[in-house]
Amino acid sequence: QAHHNGEPGVLFLDAANRANPVPHLYDLEATNPCGEQWLGPYENCCLGSVNLAEHLGADGTVDWEALRRSVVLSTTFLDDVVEANAYVPAVPQLAKAAHNARRIGLGIMGLGDLMYHCGIRYGSEEGQEFAAQVIEFVRYHSMLTSVELAKGRGSFPAIQGSIYDPEHLTWKAPKPLAAYERDWNRPAVEWKKVSEGIKKHGMRNAAQTTVAPTGTIATVAGCEGYGCEPVFALAYVRHVNDNGKDLQLTYTSPQFEQALVRLGLDDDTRQKLIQQVMEQGSCQGLPGVPEAIQHTFAVSQDISAEEHVRMQAAMQAFVDNSLSKTVNFPANAAVEDVATTYKLAWKLGCKGITVYVTGSRTKVVLE
């Protein structure tokens with residue numbers, strides 16, 4: 001059925017429950033429809049995303065200090081939202097569940113943009129490590145901030161018996177699936193500081209990180225890459241339902257255009273190349289586009305199913321809730337290919353997975 005039209009996704013309940021921060025309250029049974037947020041009965045989670053496209057450093061680098069500041073501010077903001085939310089008064093269990101665990105879900109959007117900026121191909125071994133290092137940095141500073149908030153505001157009420165119980169701390173620092181081999185000048189993370197902080201001050205939020213799809217908010221923010229996804233296409237048509245009419249908006253990747261400008265191509269040549277890209281969505285194999293640009297500017301359809309899964313798993317290692325990620329398959333994919341992908345996702349520790357075979361739905365937002 002997933003091969004037929006992408007639904008349903010699959011969830012790995014055991015993997016999720018091994019990471020359940022409050023096992024004394026409930027077993028996790030399901031997620032929201034996008035698959036990124038595991039919740040207990042009546043629970044809800046305040047989500048927010050740091051825009052990585054706004055943290056580009058000079059000369060293809062990451063502005064790590066700006067990212068750290070954004071994560072600290074966002075974590076504090078989301079904890080404030082738990083307090084400020086107008087929960088539905090007719091269902092008092094909602095407010096009670098939210099305040100009991102104080103779940104927040106800080107995520108990212110614009111990962112694809114940042115990777116284009118840094119010249120890193122999404123899906124490659126380098127890309128897997130880069131994504132892991134970025135997400136680890138976000139999780140680390142979100143947790144440090146949650147510890148700091150606990151110091152001043154108190155821990156979440158259900159902390160006793162949870163994995164963050166200071167008297168019986170069972171939480172273990174997350175580790176990458178593969179040892180890091182590359183250096184992007186990322187400041188060191190010292191997970192021991194988090195453990196020591198929890199034992200001393202507790203933890204404000206039972207969960208801290210979630211990566212949502214961010215389709216609409218990323219579009220509003222001007223991101224090329226939604227959530228933790230690769231860029232869908234370098235040029236495409238977006239269909240908007242405008243009071244029953246199909247409003248078609250054309251789009252071209254600004255970073256790809258800038259790369260063509262840096263090549264010294266004249267306007268006419270650039271427009272011809274962009275038109276070709278508009279027709280196929282990708283720049284792979286196009287005459288006139290250098291190999292280095294083709295390598296960096298990979299899009300969803302250029303990335304193999306295995307690479308999609310490995311990217312998801314690399315990030316999942318540092319996301320305590322889950323993340324919304326689609327594995328794109330070409331139109332000629334077989335049912336067995338989907339089965340193989342499900343098994344690989346399970347083996348690598350993913351908590352769930354969604355697949356989409358090109359052409360398996362008649363209506364899509366982007367094409």
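Colleague: In which hand, left or right, does α12 pass α13?

Modeller: The model is predicted, so local features need pLDDT of at least 70, side-chain atom pairs count only at pLDDT 80 or more, and totals for chains, interfaces and linings use all residues. Residues are numbered from 1 along each chain as its sequence is written, and side-chain values use heavy atoms, without hydrogens and water. A crossing is right-handed if the near helix is turned clockwise from the far one by less than a right angle, left-handed if anticlockwise. Here α12 crosses α13 in the right-handed sense.

Colleague: At what angle do the axes of α12 and α13 cross?

Modeller: Two packed helices are described by the angle and the distance between their axes. For α12 (residues 305-316) and α13 (residues 335-347), the axes cross at roughly 20° and come within 10 Å. That makes α12 roughly parallel to α13 (angles under 35 degrees).

Colleague: Which residues of α12 meet α13?

Modeller: Contact means heavy atoms within 4.5 Å. Ala 305, Glu 306, Val 309 and Arg 310 of α12 meet Thr 341, Leu 344 and Ala 345 of α13. By class, this contact has 4 nonpolar, 1 polar and 2 charged residues.

Colleague: Is Asp 320 buried or exposed?

Modeller: Buried means under 20% relative accessible area, and exposed over 50%. Asp 320 has 12%, so Asp 320 is buried. Its place is in the loop between α12 and β6 (326-329).

Colleague: Which side chain does Asp 320 join in a polar contact of 2.5 Å?

Modeller: That of Thr 209; a polar contact is a pair of N or O atoms within 3.5 Å, one able to donate a hydrogen and the other to accept it. A polar atom of the Asp 320 side chain also lies 2.8 Å from the backbone nitrogen of Gln 208.

Conventions. Axes are lines fitted to C-alpha atoms, for helices over the stretch in contact, and angles run from 0 to 180 degrees between N-to-C directions. Helices (H or I, at least four residues) and strands (E, at least two) are DSSP runs, numbered from the N terminus. Angles under 35 degrees count as roughly parallel, over 145 as roughly antiparallel, 65 to 115 as roughly perpendicular and the rest as oblique. Ala, Val, Leu, Ile, Met, Phe, Trp, Tyr, Cys and Pro count as nonpolar, Asp, Glu, Lys and Arg as charged, and the others, Gly among them, as polar. Buried means under 20% relative accessible area, exposed over 50%, partly exposed in between (1.4 Å probe, protein chains only).
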